Amino acid sequence: MTPKKKVLLVEDHAVTRVGVKHVVNSSADFEVVGEAEHSSQIVGLLTETRPDFVLLDLRIPGENVLNMVKDWKKEHPNLKVVTLTMLDEQPIVHSAIEAGVDGYLLKSDDLSSLTKNLNEIAAGKTVYSKNLKLSFNRKPQDGKVANKKEKQILTLLGHGKTYQEIGTEIGLSKRTVEYHVGRLKDRFNAKTVAELIGRAKEQMLI
């Protein structure tokens, strides 16, 4: 008999966690071997349980988990990371794809399709929620998708760095950083740096 594939469930809402765990454990192919409610628990559980999958809610307490995905995959090369989230905004989906997720599923999907999707991902496919395809066809909202350089600037701003410090770190002049920040403020309709950082966090860009 083929052993069940191991799933680490990252979800801070107990009711959702119970429901998803029941669906996964009721299947012939998967079992939940660990549960995390905070981003700080994930690395330890990855080492402890050695899962085949991380089933990941994006809005959990702690750090932005999308910033952690590449490190998880570097440490565990065969790991599949699959989102199970309510967030269907295009910028967040793009950030997740850039981070290297193997599937983007929504909590609004029929949960009965969950293990079918996991099997497809196990077979090497990248699977997106059917409910998500509509958002891919929409025109992106202006100013909501930051490029790599802008993401670096936003991240460093979020760490409290000055324009001069940011410029030194990423090889730009202070004036160029100011220019980028000004453009970002305009595009995100933010009057202050604090407001800009808040809106970037809402979009899971940092």
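**Entry 1: the annotated span and the domains**

I began with the UniProt annotation "domain: Response regulatory", which comes from an unreviewed entry and covers residues 6-122; UniProt positions are given in the numbering used here, feature names are shortened, and annotations may be inferred rather than shown by experiment. I note that this is a predicted model, in which local features need pLDDT of at least 70 and side-chain atom pairs count only at pLDDT 80 or more, while totals for chains, interfaces and linings use all residues. Residues are numbered from 1 along each chain as its sequence is written, and side-chain values use heavy atoms, with hydrogens and water left out.

For residues 6-122 I computed 39% helix and 22% strand, with the end C-alpha atoms 11 Å apart; helices (H or I, at least four residues) and strands (E, at least two) are DSSP runs, numbered from the N terminus. I then looked up the domain assignment of the protein chain, which gives domain 1 (5-128) and domain 2 (148-201), with bounds that come from an automatic or database domain assignment. Taken over C-alpha atoms, the centres of domain 1 and domain 2 are separated by 30 Å.

**Entry 2: aspartate 57**

I looked next at Asp57, which the UniProt annotation "modified residue: 4-aspartylphosphate" covers, again in an unreviewed entry. Aspartate 57 sits in the loop between strand E3 (53-56) and helix H3 (69-75). Is aspartate 57 buried or exposed? Its relative accessible area is 4%, so I recorded aspartate 57 as buried; the class means under 20% relative accessible area, with exposed over 50% and partly exposed in between (1.4 Å probe, protein chains only). Leaving aside neighbours within four places in sequence, I found aspartate 57 in contact (heavy atoms within 4.5 Å) with Val10, Glu11, Asp12, Val65, Leu84, Thr85 and Lys107.

**Entry 3: lysine 5**

I placed lysine 5 in strand E1 (residues 5-10), and its relative accessible area of 30% makes it partly exposed. Lysine 5 and aspartate 29 are 24 residues apart in sequence, yet their C-alpha atoms are 6.0 Å apart in space. Beyond its neighbours within four places in sequence, lysine 5 is in contact with Asp29, Phe30, Glu31, Asp52, Phe53 and Ala122.

**Entry 4: salt bridges**

How many salt bridges does a search of the whole structure find? I recorded eleven, a salt bridge being a side-chain nitrogen of Lys or Arg within 4 Å of a carboxyl oxygen of Asp or Glu.

One of the pairs I followed is arginine 17 with glutamate 37, whose closest N and O atoms are 3.9 Å apart. This pair links distant parts of the chain, with arginine 17 in helix H1 (residues 14-25) and glutamate 37 in the loop between strand E2 (30-36) and helix H2 (42-49), 20 residues apart. Arginine 17 is buried at a relative accessible area of 11%, whereas glutamate 37 is partly exposed at 41%.

I also followed lysine 21 and glutamate 35, whose side chains meet in a salt bridge at 2.8 Å, N to O. Lysine 21 lies in helix H1 and glutamate 35 in strand E2, so the pair ties together parts that are 14 residues apart in sequence. Lysine 21 is partly exposed at 30% relative accessibility, and glutamate 35 is partly exposed at 32%. I noted that Arg17, Lys21, Glu35 and Glu37 are linked in a network of salt bridges.

In helix H10 (residues 193-202) I found arginine 199 and glutamate 195 four residues apart, about one turn of the helix, and their side chains meet in a salt bridge at 3.8 Å, N to O.

**Entry 5: helices H8 and H9**

Two packed helices are described by the angle between their axes and the distance between the axes. I found that the axes of helix H8 (residues 163-170) and helix H9 (residues 174-187) come within 8 Å and cross at roughly 110°; axes are lines fitted to C-alpha atoms, for helices over the stretch in contact, and angles run from 0 to 180 degrees between N-to-C directions. H8 and H9 are therefore roughly perpendicular to each other, a class that takes angles from 65 to 115 degrees, with under 35 as roughly parallel, over 145 as roughly antiparallel and the rest as oblique. At this crossing, Tyr163, Gln164, Ile166 and Gly167 in H8 meet Lys174, Val177, Glu178, Val181 and Lys185 in H9.

**Entry 6: positive phi**

Asparagine 189, in the loop between H9 and H10, has a positive phi of about 55° although it is not a glycine.
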